[in-house]
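Hi,

Here is the structure I promised to pass on.

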2 protein chains.
Amino acid sequence: MINIIEQMKLFLEPKSVALIGVPRRTGRGSFNVLESLLSLGFSGEVYPVNPHAREILGKRVYQDVKELPKGVDLAIIMVYRSAVPGVVKDCVEKGIKALIIVSGGFAEADAYGKELQADVVRIAKEGGARIIGPNSLGIFNNFRNFSSTFLPPRWEKIPVALISQSGGFLEGFWNFTVGKAIDLGNMCDVDFSDALEYLENDPEIKVIAMHIEGIRDGRRFLKVAERVSRKKPILAIKPGRGEVARQTVASHTGSLSGEGWIYEAAFKKCGLIRVENVDELGDFVQAILYLPFPKGNKLAIITPTGAGAVMALDGGENYGFQLAQLSAKTINKIKEFFPPWSPPLNPIDMMSAGIAHGYGKVYRASLEALLEDEGVDAVLCIAGSPTLKSIKSIAEGKGKPVMVWLLGKHDEEMLARIKEANYSAVFSSPERAIKALAMVRDNSLE
Amino acid sequence: MINIIEQMKLFLEPKSVALIGVPRRTGRGSFNVLESLLSLGFSGEVYPVNPHAREILGKRVYQDVKELPKGVDLAIIMVYRSAVPGVVKDCVEKGIKALIIVSGGFAEADAYGKELQADVVRIAKEGGARIIGPNSLGIFNNFRNFSSTFLPPRWEKIPVALISQSGGFLEGFWNFTVGKAIDLGNMCDVDFSDALEYLENDPEIKVIAMHIEGIRDGRRFLKVAERVSRKKPILAIKPGRGEVARQTVASHTGSLSGEGWIYEAAFKKCGLIRVENVDELGDFVQAILYLPFPKGNKLAIITPTGAGAVMALDGGENYGFQLAQLSAKTINKIKEFFPPWSPPLNPIDMMSAGIAHGYGKVYRASLEALLEDEGVDAVLCIAGSPTLKSIKSIAEGKGKPVMVWLLGKHDEEMLARIKEANYSAVFSSPERAIKALAMVRDNSLE
C-alpha cells in the first residue's frame with residue numbers, strides 16, 4: 001500500500017482518469033463529466049468508457065475497462081448500482097488504485113444497497129485500491145483544473161479546502177468559493193481523517209472547512225483533527241440537530257448523525273471551530289483569510305448612519321468588544337471637519353461632517369487616524385460601496401483588522417463595485433462582521 | 001388645528017414645498033434636495049430659498065421665507081442650527097403648517113442645542129405648526145415621487161411603510177425597499193403614534209415597519225399601536241440592547257432607549273411583531289407580502305441536495321413545523337422518475353431523478369404534486385436561480401406558501417435571473433425562510 005498522502009494525490013491530482021459510464025449526451029442538462037473536464041482545461045489524460053459509444057466530443061471511447069491502458073491513476077464510476085462491483089473488480093485488475101463511485105443506491109438506500117456496498121469495499125481492499133463514495137461527486141481541485149463532477153463551478157484558486165458529505169458543495173450550491181473540495185458521500189472507505197492528512201501539509205491550502213453529517217472511526221478522527229488544527233484553522237459545520245434531521249441524514253449518506261452535544265464537546269477537544277450555518281462558514285473563511293489578528297478588544301466604528309452604529313454596538317457587546325477611547329491626537333487630526341457642538345466620538349458619525357467637507361475626504365481622514373491610534377485594535381467601517389476602494393487602499397498593510405459592513409441594496413451595480421474594489425473583508429451585517437472578528441480573536445494560531 | 005391625518009398629508013403628500021437653505025452646489029457629493037426632487041419627477045410646486053443664489057438648476061430662488069407665496073404646504077429647513085428658530089418663526093407667519101427640520105445640533109448635541117430645540121417647539125406650537133425632526137431627513141413617498149432627502153433612492157411603489165429615527169433608512173442604506181418612509185429624527189413633536197395614525201387607513205400601505213430607538217408618550221403609543229396592529233401587521237426593530245449602545249442612542253437622536261425587556265413586553269401587549277435585525281426585517285416584509293397563511297404545520301421540501309434538506313430540517317424543527325407525510329396519490333404522480341430503491345420521500349431529494357429524466361421536469365412535477373396534496377401546508381423549494389420561473393408559474397394562485405431558498409453564489413448573473421423570474425418569496429438560507437413562514441403563521445390577521 002502507498003502512503004495516505006500519495007494515495008490522496010491520486011484522487012486530487014491525477015495524471016490520468018478513466019470515466020466509466022460517461023453519458024453519450026452532451027450539452028445543457030446532460031450532466032456530462034467529460035464535457036466539464038474539457039471545459040475546465042484539465043491537462044491529464046482522459047479515458048471515457050461506454051459500451052454504447054465510439055466517440056464523445058471528439059474523444060475515443062473505450063468499450064470496457066479491460067481495454068484501458070495500464071497506469072491509470074483514477075477511475076470515476078457512474079454505472080448502475082448493480083454493475084458497480086464488476087467494474088470495481090475490473091479496475092482493481094487494471095491496477096487502478098483510486099476509485100470515485102458516483103453511483104447511488106448503496107448503504108443510503110436499502111438492504112440490497114448495503115450488501116452491494118460491502119462487496120465493493122471487500123473487492124477494493126483485496127486489490128489494494130481506495131474508494132471515495134459511493135453516492136459522491138468526488139473531487140474538485142481548482143489548482144489542477146480537475147473535477148470529477150459534471151457541473152463546472154465558477155470557483156477560484158483560493159487557499160481554502162472543503163471536505164463534505166454532500167455533492168451540493170461541489171456543485172457550487174453555496175454562496176462562497178473554495179479552491180479544493182472533496183465530497184466523501186457514503187464514506188465507505190476514504191474519510192475525514194484521510195482528507196485531513198492530505199491537506200495537513202498541502203502548501204496550496206491555508207484553511208480547511210468541513211461539512212460533517214457523521215464521523216467514522218472517531219478515535220482516529222480526534223487524533224488527526226487535533227494535530228492538523230494546530231497547523232491550519234479547521235472550520236466545522238454539523239447540521240442535523242433534531243430527530244427528523246438525523247433520520248434524513250441516514251437516508252442521505254447512510255451515516256449515523258449522533259447527538260449535537262457530543263459533537264460540540266469533541267470539536268472543542270480537538271480545536272475545531274464550530275460554525276452554525278453555511279452563511280457563517282463563508283464569513284469565517286473570509287475572516288481567516290483577510291482579517292489580521294486583533295491585538296485587543298478595543299473596537300472603533302466609522303459610520304454615515306447613527307442607527308447603523310447602534311446596531312453595530314449590539315453586535316460588539318455580544319462578542320466581548322469594547323468601544324475604543326480615541327486618543328487626543330486622533331481627535332485633533334479630524335476635529336476640523338466636525339461642528340463644534342458635535343466633536344468626533346467613537347462611533348464616528350461622519351454624515352454631517354461629510355456633507356459639509358466632502359464625504360470621501362472625511363471618511364478617509366477618519367480611517368487613517370483610527371489605524372494610527374494605538375488604543376484602537378480593530379475598525380468596523382459602515383460604508384456604501386463607493387467608499388470600498390478608499391478603505392482598501394488605507395487599510396491594507398496596516399496590520400489591523402478593518403471590516404466593512406456594506407450598506408445598501410445588493411443589486412447588480414453594487415456587486416460590480418464590490419468586484420472592482422476587490423476588498424475582501426466585507427460583511428452583510430454588523431453582527432456577522434463582529435462575530436467573524438471574535439472568531440479570529442479566539443482561534444489564532446499565532 | 002387640523003386633524004392628524006390631514007396634518008400628516010401635508011408632510012407626505014404636499015402640493016407645494018419650500019426648500020429653505022438649499023445648497024447652491026449640484027451634482028455628485030452636493031447632497032442637493034432640489035436636484036433630487038427634480039430627478040424624482042415630483043409634480044408639486046417647489047420653492048428654493050437661499051439668500052446667496054438667484055437661480056439653481058433653472059429654478060427661481062427666493063432670498064427669504066418672507067418672499068414666499070401664501071399657501072405653501074411644507075417647509076424643509078436645512079439652515080445652521082442657530083438660524084432655525086428664526087426660520088421657523090417666519091414659516092409660521094407665512095401660514096406653513098408642516099416643517100421638516102433637517103439641521104442637526106439640537107437635543108442630540110449639547111445644552112445649547114437642547115435650548116434651541118425647546119424654542120423651536122414653542123414657536124411652532126404657538127403658530128399651530130407641526131415639526132418632523134430636528135436632525136431628520138424627513139420623508140420619502142414613492143407614490144408621490146416625493147422626498148425631502150437629498151439622495152434619490154432606487155425604491156419601488158410597494159405597499160410597505162417604514163417609520164424610523166434614522167436618516168440611514170431614507171438614504172436607502174438597507175438591503176430592502178419600501179414605498180413610504182418617515183424619519184422622525186429627534187422626534188421633538190411628530191412621533192410614532194402620529195405616523196401610525198396616518199398609515200392606519202392609508203390604502204397604499206399594507207405593512208408597517210418601525211425602527212425604534214426610543215418612544216415618547218408611551219401611553220398613547222400603546223393605545224394607537226394596539227389599534228393599528230389589528231388592521232395591518234406592524235414589524236418593529238429595537239436596537240440598542242447593551243449599555244454602550246444606549247448611550248450612543250442618546251447622542252444620536254437624544255432619545256432614552258430603555259431596557260430591552262420593557263420593550264419586549266410592551267410590543268407583545270400591543271400586537272407588534274418583534275424583529276431581530278435589518279436582514280430579518282427585509283425577510284419578514286417579504287413574507288407578509290408574498291406568503292399566504294399556512295393552514296397548518298406540515299412542511300414539504302424539494303431539494304437537489306440532501307445536505308441542504310438536512311439544514312432546512314434544523315430550521316423547521318426550531319420553529320414548530322413537521323415534515324408532511326406525502327399522500328399515496330402524490331407519490332404515485334412522481335414515483336416513475338425515481339429509482340425503485342429510492343422512492344420519493346419528504347424531503348424529495350430529486351437530483352438523481354433529475355439527471356435521469358430532466359431536472360426541470362422532475363422539479364415541476366414534484367412541486368405540482370405537493371401543492372395538490374392536502375397533507376402539505378407549505379413548501380420549501382431548495383433551488384438554483386434557473387428553476388425560479390417554473391416555481392413562480394406553478395406556485396402562484398395556489399393559496400399555499402412556497403418559499404425558495406436560492407442556492408449558489410449571488411453574483412450578477414444570478415441577480416439578473418432573479419429579477420427576470422420576478423418571484424418574491426426568495427430567501428438566502430433555509431433558517432431565514434422558515435423563520436419568516438413561522439412569523440406569518442403566528443401573526444395572521446385573517
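Please keep in mind that this is a predicted model. I began with the nonpolar core. The largest one has 261 residues, and the members that touch the most others in it are A:Met210 and B:Met210. Taking the chain B copy, and leaving out residues up to four places away in sequence, B:Met210 is in contact with B:Leu162, B:Ile163, B:Phe192, B:Leu196, B:Phe221, B:Ile234, B:Leu235, B:Ala236, B:Ile237 and B:Leu272. As background, nonpolar side chains tend to be buried together in soluble globular proteins.

Next, the contact between the chains. Chain A and chain B each bring 71 residues to it. Together they bury about 5,500 Å², with 61% of that on carbon and sulfur atoms. Between the two chains there are four residue pairs in polar contact, both residues being at pLDDT 80 or more, and two salt bridges. One of the salt bridges joins B:Glu412 to A:Lys419, with the closest N and O atoms 3.1 Å apart. On the chain A side, the elements giving two or more residues include helix H5 (167-170), helix H8 (243-253) and helix H16 (412-421). H11(A) gives the most, with nine residues.

Helix H14 of chain B (residues 359-372) has 14 residues, so at 1.5 Å a residue it should span 20 Å; its end C-alpha atoms are 21 Å apart, which agrees. The buried residues of H14(B) include B:Tyr359, B:Val362, B:Tyr363, B:Ser366 and B:Leu370.

Happy browsing!

How values were computed
Residues are numbered from 1 along each chain as its sequence is written. Chains are lettered from A and ligands numbered from 1 in the order in which they are written. This is a predicted model: local features need pLDDT of at least 70, side-chain atom pairs count only at pLDDT 80 or more; totals for chains, interfaces and linings use all residues. Side-chain values use heavy atoms; hydrogens and water are left out. Helices (H or I, at least four residues) and strands (E, at least two) are DSSP runs, numbered from the N terminus. The expected span of a helix is 1.5 Å times one less than its number of residues. Buried means under 20% relative accessible area, exposed over 50%, partly exposed in between (1.4 Å probe, protein chains only). A nonpolar core is a set of buried Ala, Val, Leu, Ile, Met, Phe, Trp, Tyr and Cys residues joined through side-chain atoms within 4.5 Å. Contact means heavy atoms within 4.5 Å. Buried area is the accessible area (1.4 Å probe) that two parts lose on being put together, summed over both. A salt bridge is a side-chain nitrogen of Lys or Arg within 4 Å of a carboxyl oxygen of Asp or Glu. A polar contact is a pair of N or O atoms within 3.5 Å; within protein, one must be able to donate a hydrogen and the other to accept it, and residues adjacent in sequence count only if both atoms are side-chain atoms.
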